[in-house]
Amino acid sequence: MKTKKNSIKKTKGDIALEVLFYIFITIFSLLCLYPFYQVLISSFTDENTLVREGYKLFPSKLSLDAYKTIFSNNVIPRAYLVTIFITVVGTVLTLIVTGLAAYALSGKKLKYRGGISLFFYFTCLFSGGLVAYYLLITNYLHLDNSIWVYIIPAMFNVWNMFLLRNFFNEIPMSLIESAKMDGANELTIAFRIVLPLSLPALATIGLFTALGFWNEWMASSLYIDDEKLYTLQYIIVRMVNSISAAQNVGQAGLPPGVISVPANTIRLATAMVTVGPIILLYPFLQKYFVKGLRVGGVKE
């Protein structure tokens, strides 16, 4: 027998309201994109034109001076490689370590899991401070002037571990018990069942972790003396500060309107250079990111 599908007819009021919603969402999206477009087009604007005419939708004169200044030597490309390395390797290792810790504390498989969870939670409330942390990194772990100083200290995040643990607890125990009956050990269950079923949570945490590694610059200023190991963010911070100092000191005696260093456009160009890869990465993780926002939000 053929079954007829019930179709709900939209009234004129429903159609008008839907069109109104689309118009509102379109306008809101354009308003959100406008600052990004303004930064992008202004970074390609001539410095004198930007100072004289201000920020415009269509500048009268375009220039690549800001980007030429940024990439005038091999410091930025090398810093890019360092940042990409610590972002990729750090994110992968963080997801593995955090995921395995969350799996161990999920369910009822581990004895004294409550006490261990309390120990982890205690570290979220109290910290040893910067001095103790600096001594630990330099005198005991000897990670100074090493690229691993960016990765190892940040490889485990307690808050993300608790989020993953809550997500793992929502996976039906029947799947895990069936795998154990078939002879699977804990590592097999973790990597073949639990982690693949937790892609939304892993993608969400992975995105935030990658952002943290990508924006890292404090470790460079504290523990790194070799400029070959500087991150992109630290190079940009130093460059912007140097340009600001040069503009304040070196241009003090110049006539009004004369600009020797494209200071404003360099700030905008560095912003584009910094956020560009992350913006390109987000669309590939969006479908997992939206699902992962519900991590730990549904309890049985």
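Predicted model: local features only at pLDDT ≥ 70, side-chain atom pairs only at ≥ 80, totals over all residues.
The largest nonpolar core of the model comprises 31 residues. Within this core, the residues with the most contacts are I76, Y80, I147, V149, Y150, I224 and L232. Two or more residues are given to this core by each of the elements α3 (65–70), α4 (75–105), α11 (218–223), α12 (232–250) and α13 (263–292). The largest share is that of α12, which provides six residues. Apart from this core lies another, made up of 21 residues, and A102, Y103, I176 and I189 are among them. In soluble globular proteins, nonpolar side chains tend to be buried together.

A further arrangement concerns two helices, α9 (residues 186–197) and α10 (residues 199–214). Their axes come within 5 Å and cross at roughly 70°. Because angles of 65 to 115 degrees count as roughly perpendicular, α9 is described as roughly perpendicular to α10. On the side of α9, the contact involves L195, P196 and L197, which meet L199, P200 and L202 of α10. The residues of this contact comprise six nonpolar, no polar and no charged.

With regard to charged side chains, the count of salt bridges comes to one. It joins the side chains of K180 and E186, with a nitrogen-to-oxygen distance of 3.6 Å. Side chains of opposite charge can pair when their charged atoms come close. Both partners have intermediate accessibility: K180 counts as partly exposed because its relative accessibility is 41%, and E186 is likewise partly exposed, with a relative accessible area of 35%. Each value falls between the limits of 20% for buried and 50% for exposed residues.

Y112, although not a glycine, has a positive phi of about 60°. This residue is placed in the loop between α4 and α5 (113–125). With a relative accessibility of 63%, Y112 counts as exposed. A positive phi, of about 55°, is also found at H142, which is not a glycine either. The location of H142 is the loop between α6 (130–140) and α7 (158–169). H142 is exposed as well, its relative accessible area being 55%. Thus Y112 and H142 are both loop residues, and each is assigned to the exposed class because its value is over 50%.

How values were computed. Residues numbered from 1 in each chain as written. Heavy atoms only, no water. Salt bridge = Lys/Arg side-chain N within 4 Å of Asp/Glu carboxyl O. Buried < 20%, exposed > 50% of the residue type's maximum accessible area, 1.4 Å probe, protein only. Core = buried A, V, L, I, M, F, W, Y, C linked by side-chain atoms within 4.5 Å. Helix = DSSP H or I, 4+ residues; strand = E, 2+ residues; numbered from the N terminus. Axes fitted to C-alpha atoms, helices over the stretch in contact; angles between N-to-C directions. Parallel < 35°, antiparallel > 145°, perpendicular 65-115°, else oblique. Contact = heavy atoms within 4.5 Å. Nonpolar A, V, L, I, M, F, W, Y, C, P; charged D, E, K, R; others polar.
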